[in-house]
Amino acid sequence: MTVVITSSVTPTFTQLGPYCQNATPGTLPTSSNNTPPITGTWLPAVISTSTIGTQVYTFTPNPGQCGTTTTMSITITAPITPTFTQLGPYCQNTTPGSLPLVSNNTPAI
């Protein structure tokens, strides 16, 4: 009798995030990018954007697949307040400057 032992496959996924705090996040996929895909579940099951920082999500393959658990770190960032160069003051009935379309932030927002 020949017994064949295959090595475990690490599921791969497209990285999600970063997300801005309180933004609507993407959905954690239940199938990996591998061929054939490895199916399973995440813990926690839903991405939370309520807390700033990096959160780790753990994927566990469904039974009967030769897959290992893997993790994805998703970063939640603080909202950035755009800053602009102050315009004015202007005299009454003069033509004001144009409002900028890009902020002074780096990178611009």
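In what order do the elements of the chain run from the N terminus on? They go β-β-β-β, in what is a predicted model.

## Overall build

The chain has 4 strands and 0 helices. Its C-alpha atoms fill a box of roughly 95 × 25 × 15 Å when taken along the principal axes.

As for burial, 20% of the 109 residues in the chain are buried.

The 4 strands make an open sheet with the order 1-4-3-2, and the pairing is mixed. Strand 1 and strand 2 sit at the edges with a single partner strand each, so one side of each has no neighbour in the sheet.

Now for the individual pairings. Strand 2 covers residues 40-43 and strand 3 covers residues 53-61; the two run antiparallel and are joined by 4 bridges. One place to look is Leu-43, whose bridge partner in strand 3 is Thr-58.

Strand 3 also runs antiparallel to strand 4 (residues 70-77), this time with 7 bridges joining them. If you want to follow that pairing by eye, Gln-55 has Ile-74 as its bridge partner in strand 4, and Tyr-57 stands opposite Met-72, again in strand 4. As background, side chains in a regular strand alternate between the two faces of the sheet.

## Out at the N terminus

Met-1 belongs to the segment before strand 1 (19-20). Is Met-1 buried or exposed? With a relative accessible area of 99%, Met-1 is exposed.

## Cysteines

How many disulfides does the structure hold? The count is 0. For reference, a disulfide is a covalent bond between the sulfur atoms of two cysteines.

Cys-20 is partly exposed, at 33% relative accessible area. Cys-91 has 60% relative accessibility, and because the cut-off for exposed is over 50%, Cys-91 counts as exposed.

Key: Residues numbered from 1 in each chain as written. Predicted model: local features only at pLDDT ≥ 70, side-chain atom pairs only at ≥ 80, totals over all residues. Heavy atoms only, no water. Disulfide = S-S within 2.5 Å. Buried < 20%, exposed > 50% of the residue type's maximum accessible area, 1.4 Å probe, protein only. Pairing = 2+ DSSP bridges.
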